[in-house]
Amino acid sequence: MLKQNILIFGHKNPDTDSICSSILKERLNKKKGIQESKAVRLGELNKETRYVLENLGIEIPEMIEKVEEAQKVILVDHNEFNQSVQGIEKSNILEVIDHHRIDDFRTEKPIYFTTKPYGCTATILYEEFKKCEVEIGKEEAMLMASCIISDTLLLKSPTTTEYDIKTLKELEKIANINIEEYGLKMLKAGTDLNDFSEEQLINIDSKNVGKGEIKYIIAQVNTVSIPDVLKRQENIEKAINNEIQKQGLSLFVLAITDILNCNSEIIALGSRVDVIEKGFGVKLENNRTFLEGVVSRKKQLLPQIDKYI
């Protein structure tokens, strides 16, 4: 039963780092003798993550929608409660491993809390494996490498750190693969958006930010052709407006990111679209603007929006 396990999971609308870091943490725990550990997920897999797991023949973690009171949990790749599972406030949080800002987080007891300003949670877990003197097999190396490739866009994102670069080089040796070739295949696997409805598209990778009266969402989709996605703008805007009304949002920002040229087209709707214009010194036309060199939600979008909202 789930209650008897220590549940390990990343954030809602999980990405590759969120899913694969959960699996890696489960494996690390079990190699340390904590056998009751179990990786789970809080949402459907995107195509990129599905490509990674299918390529390695790894079973998709079980999906959960809530946790019971006092359930033992470990959070990876997030710490904000509004990005976590229903019931997280009353769970028994044992540990957090994350690379994001710390916000809206509290526990009744002291816990293990590891956070580092790296480009990826899996880079932290690589160091944890090394510190615990646990061998990193080829499969673990592939999982870690996939996380770093995903979160740093093959080391092109401004979130990339020297630790991610060094770690990926080491993982390339362990996995015995060409990182550039594998990385491009993996990233491209996640850019096929044809099967998604507009409602699904804006929720592939979205983060709820803010609290109280000012709530907003920054969503992001990766593509190799921004114009192909913009062909659906009218229906995308209908889906965004539905989310704004349903959740009482002040702002919804969708970043359509070109993973090959490292730029983004922004679609912004809501009562506070002025923060996009102020934050980036641009003028929205037809509810959108082009942001050259912007690919990171965490390091480029969120700070500017937070500053002006």
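Tutor: Begin with a cut-off: a polar contact is a pair of N or O atoms within 3.5 Å, where one must be able to donate a hydrogen and the other to accept it. Keep in mind that this is a predicted model.

Student: Which residue caps the N-terminal end of α2?

Tutor: Asn46 does, with a side-chain oxygen 3.2 Å from the backbone nitrogen of Glu48. After α2 comes Gly57, which has a positive phi, near 70°.

Student: Which residues of α2 are buried?

Tutor: Buried means under 20% relative accessible area. In α2 that applies to Glu48, Thr49, Val52, Leu53 and Leu56. Because they cover an arc of only 130° around the axis, they lie on the same side of α2. The elements covering these buried residues include α1, α4 and α6.

Student: How many residues of α3 are buried?

Tutor: The count is 8 of 11, so α3 is mostly covered. The buried ones are Thr121, Ala122, Thr123, Ile124, Leu125, Tyr126, Glu128 and Phe129. Their cover includes α1, β4, β5 (92–98), β6 (112–115), α4 and α5. The residue Glu133 follows α3 and has a positive phi, near 55°.

Student: Which residues touch the most other members of the largest nonpolar core?

Tutor: A nonpolar core joins buried residues of nonpolar kinds, among them Leu, Ile and Met, through side-chain atoms within 4.5 Å. The largest one here has 45 residues, and Leu53, Leu143, Met144 and Ile149 touch the most other members. At least two residues each come from β1 (6–9), α1 (16–31), α2 (47–56), β4 (72–76), α3 (121–131), α4 (138–152), α5 (162–175) and α6 (179–189). The element that gives the most is α4, with 8 residues. A second, separate core has 21 residues, including Ile202, Ile226, Leu254 and Ile267.

Student: What does Ile149 touch, not counting residues up to four places away in sequence?

Tutor: Ile149 touches Leu154, Leu168, Ile179, Tyr182, Gly183, Met186 and Leu187.

Student: Let us end with a strand residue. Is Thr289 buried or exposed?

Tutor: Thr289 has a relative accessible area of 8%, so it is buried. This residue lies in strand β11, which spans residues 288–291. Setting aside neighbours within four places in sequence, Thr289 is in contact with Ser264, Glu265, Ile266, Ile276, Val282, Lys283 and Leu284.

Notes. Residues are numbered from 1 along each chain as its sequence is written. This is a predicted model: local features need pLDDT of at least 70, side-chain atom pairs count only at pLDDT 80 or more; totals for chains, interfaces and linings use all residues. Side-chain values use heavy atoms; hydrogens and water are left out. Helices (H or I, at least four residues) and strands (E, at least two) are DSSP runs, numbered from the N terminus. Buried means under 20% relative accessible area, exposed over 50%, partly exposed in between (1.4 Å probe, protein chains only). Contact means heavy atoms within 4.5 Å. The arc is that of the directions from the helix axis to the C-beta atoms.
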